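Please read each point with the model open beside you.

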Amino acid sequence: MRESGILCPVSSIWSPYGIGCFSKEAYEFVDFLKESGQSYWQVLPFGPTGYGDSPYQSFSTFAGNPYFISPDGLMKDGLLTQDELAQFDFGTDPEVVDYGALYNNRYKMLKIAYEKFMKKPDKEFADFKKANADWLDDYCLYTVIKAANEGENWTKWAAPLRLRDKDALDKARKQYADEIDFCAFQQYEFMKQWLALKAYANENGIKIIGDIPFYTAFDSADTWGNPEMFLFDEDNKPTKVAGCPPDAFSPVGQLWGNPIYNWAYLKKENYAWWIARIRHNLKLCDVLRVDHFRAFDAYYEIPGDAKDAVNGKWVKGPGMALFKAVKKELGDVEMIAEDLGYITESVKKLVKNTGFPGMKVLQFAFDSREESDYLPHNYEHNCVVYTGTHDNETTRGWIENIPNEDRDFARRYINSLYTNYDAFTWDFIRCAQASTADLCIVPIQDYLVKGNEARMNHPSTLGKNWKWRIKPNYLSKELAKSIYEMTKLYCRVPKVEKEEEEEKDAKNEPRG
């Protein structure tokens, strides 16, 4: 089946609350997807973000970002008034997320709602805490202890807390009982609001593609709560960390610093943590894109005290054993393998054996010096084509910046007669839509023909990433119609949409 979708982080959706959230504008975005003939909405990881604001360096692989909780929903439930909301500043630029303003004000707003809620908490809150205790308890405790330590990385906490001494943890639970409940309340509201939005999307024929980073952040509830899962020493400090080897772009490689999994322990536990993680994320999403998939085959391991990645080595990953365990517990799950970067034959074999579709990024195809697997004539059906991802330049920005020879190659390949970069961008999208890939995903920035001012992330940089937002009224009826017509032309409109259209044609009713 040929299908199509749009990549748009929740944070990028317009709302009057400083960041995209589960407000009415998110529901309107679902309506826009349906009007555009789309079948999928791809989002980035949902987790709470820390330094650098990256959703790929989250404080938890299970928790949701409290910034996404909609004030609309809190007001609807009688937990917040318009006057109470009006006292908070969440930022003034409609195209930029002001994370500083959110950090200083969002939790104060949520605290007002929490205090009202706790005067008469509903039974569902207690049920939620019990059902999610396996991750929620550690996450909330980690969060409040971190706050009490002025945000310090957990490796700098006092030894009893850092090493999870039972008496020290019990004392902290009693001391911070109210703060722990406040944290749990945020997760309860996040889950309640998101599942309502997801249900609306599903009812309208839109499936959600979520995102699971391969690694956890070092400073996270996952590492603090489960030190046995990682290659740590007796002080719970990493003996090995993640990165990638030196190459033509970086002579010292890249030192990411994420802790390395203790795969021997995880195997002994039948990969229970990974299965729980996937099960949890499948409640939030219909399909999971697994970031850095190649690490399941082999990953690059660097000594924990290294200053760069020069002295690392490749180590064999869990391979098919993990996915067989997942299938045994969860049955067939829908996943997309992010198989980009340094890909060996063994990585290709693993992707093929799982049956998961891999990724094809069209921007990677046009190096005039060599043939590329990313050129559409080389695609298998079982893949997902992207014009670009959250880590790429926007297509408009990419076209401006590539060498003339590569731009000429792209123009000839996609048969674009335009010198105008805006029109060229739509031809580029057309090439992806026309490909044989079963699924085509286009970032919303490309449909809006935005330049690199709308780029979501520039890897290995800090300060300007994860901030771009859609301005009000950008998602027009005219844009939806243009996207729909292209999606229909290349047979990617959902079947139900086609049937409704045929019925209107038969009755001579106007469309849209």
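In which loop is Cys 491 found?

1. Cys 491 is found in the loop between α19 (477–489) and α20 (495–507). Please keep in mind throughout that this is a predicted model. The phi of Cys 491 is near 60 degrees, which is a positive value in a residue other than glycine. Its relative accessible area is 45%, so Cys 491 is partly exposed, since the range for that word runs between 20% and 50%.

2. His 292 also deserves a look, as its phi is near 55 degrees, a positive value in a residue other than glycine. This residue sits in the loop between β6 (287–290) and β7 (298–303). His 292 has a relative accessible area of 18% and is therefore buried, the cut-off for that word being under 20%.

3. Helix α6 covers residues 133–148, which makes 16 residues, and from its first C-alpha to its last it reaches 22 Å, close to the 22 Å expected at 1.5 Å a residue. After α6 comes Glu 150, and the phi of Glu 150 is positive, near 55 degrees.

4. Several residues of α6 are buried, among them Trp 135, Leu 136, Tyr 139, Leu 141 and Ile 145, and the list also includes Asp 138 and Lys 146. If you ask what covers the buried residues of α6, the cover includes α5 (123–131), α7 (159–162), α8 (166–175), α9 (177–203), α10 (221–225) and α12 (272–284).

5. The second largest pocket has a volume of about 870 Å³. The elements that give two or more residues to its lining are α4 (99–117), α6 and α9, and of these α6 gives the most, with seven residues. The lining is made up of 28 residues, and those nearest the centre of the pocket are Phe 59, Tyr 103, Tyr 107, Thr 143 and Ala 147. Sorted by class, the lining of this pocket holds 15 nonpolar, seven polar and six charged residues.

6. The largest nonpolar core has 155 residues, and within it Trp 41, Trp 274 and Phe 366 touch the most other members. The element that gives the most to this core is α9, with eleven residues. To follow one of these residues in detail, take Trp 274, which, leaving aside residues up to four places away in sequence, touches Ile 212, Pro 213, Phe 214, Tyr 261, Trp 263, Leu 266, Phe 296 and Leu 322.

Technical notes. Residues are numbered from 1 along each chain as its sequence is written. This is a predicted model: local features need pLDDT of at least 70, side-chain atom pairs count only at pLDDT 80 or more; totals for chains, interfaces and linings use all residues. Side-chain values use heavy atoms; hydrogens and water are left out. Helices (H or I, at least four residues) and strands (E, at least two) are DSSP runs, numbered from the N terminus. The expected span of a helix is 1.5 Å times one less than its number of residues. Buried means under 20% relative accessible area, exposed over 50%, partly exposed in between (1.4 Å probe, protein chains only). Contact means heavy atoms within 4.5 Å. A nonpolar core is a set of buried Ala, Val, Leu, Ile, Met, Phe, Trp, Tyr and Cys residues joined through side-chain atoms within 4.5 Å. On a 1 Å grid over the protein atoms alone, a cavity is a set of points where a 1.4 Å probe fits but cannot get out, and a pocket is an open set with protein on both sides within 12 Å along at least five of seven lines; lining residues have an atom within 4 Å of a point. Grid points are joined across faces, edges and corners, and a volume is the space filled by probe spheres set on the points. Ala, Val, Leu, Ile, Met, Phe, Trp, Tyr, Cys and Pro count as nonpolar, Asp, Glu, Lys and Arg as charged, and the others, Gly among them, as polar.
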